[in-house]
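Hi,

Here is the model I promised to pass along.

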Amino acid sequence: MNNLAQHIEQPRPELEYAEVVGQGAEGVTVRTSTARFAAQRALSCLVQPLPGDTVLLSRGGRGQNFILSVLERPDAAQVQTTLQVDGDLAVETTGRLSMTSGDNIRLTSGQEVGLAAAKISMHAAEAEGSFEQTTITSRFFEGRFERIRQIAQSVDSFFGRVVERMKTSHRRVEQAEDVQVGQARYLVDGTWTVHTKQTMHTSQGHVKIDAETVQLN
């Protein structure tokens, strides 16, 4: 009885060193000691190859040429190294994740950058931000500053209750000030001085002045 099972020999890839000589729509063009052809980055090769790089190449049958890793790059300290993947990327760890840079760290997104954590801590000698629109929602806010300076064209504040305590208060209004309250009460321990060019008091009811001495000049 003839054996009907056919033995199919699987192609065995060959490892070879190559040099990147260009990039195009078909992939990366590499050059070996014997030929020049196109190759694709393997899924595990995260470093984007650049012309002049020395790479480890896997050559298989049917033109399956894959760059497994970038081994060497001339002037690597002066050239930016890019980690590139196609599609979404997730980095997961069961322990800590740290990012350390001797210079700058920059995050750039075409849509949104989101942070979610039980606690966020930031420490910096100087902070600067520029936003077209800012919305902050919090159940409780506490701020401690040595000095605050605010500059705005318009300020609208809406509070249910405001309590302010300060040692000295100075306020200067160049044009007009309009205050509308249901009731007002001022308690001054010392002297209350009001100096105006003209003064007018209008009351729909009674006007009462109670003092030991009243002087009108």
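Which side chain does E16 meet in a salt bridge? E16 pairs with R59, at 3.6 Å from N to O (a salt bridge being a side-chain nitrogen of Lys or Arg within 4 Å of a carboxyl oxygen of Asp or Glu). That pair links distant parts of the chain, 43 residues apart: E16 is in strand β1 (residues 14-24) and R59 in strand β4 (residues 54-59). Strands here are DSSP runs of E, at least two residues long, numbered from the N terminus.

Before the rest, a caveat: this is a predicted model, so local features need pLDDT of at least 70 and side-chain atom pairs count only at pLDDT 80 or more, while totals for chains, interfaces and linings use all residues. Residues are numbered from 1 along each chain as its sequence is written, and side-chain values use heavy atoms, leaving out hydrogens and water.

The structure holds 5 salt bridges. Another one joins R73 and D53, 2.7 Å from N to O. Here R73 sits in the segment after β5 and D53 in the loop between β3 (36-41) and β4, 20 residues apart. D53 is buried because its relative accessible area is 0%, where buried means under 20%, exposed over 50% and partly exposed in between (1.4 Å probe, protein chains only). R73 is buried too, at 12%, whereas R59 counts as partly exposed at 27%.

E142 and R144 also meet in a salt bridge (3.0 Å, N to O), and R144 is exposed, with a relative accessible area of 74%.

Cheers

Methods
Helix = DSSP H or I, 4+ residues; strand = E, 2+ residues; numbered from the N terminus.
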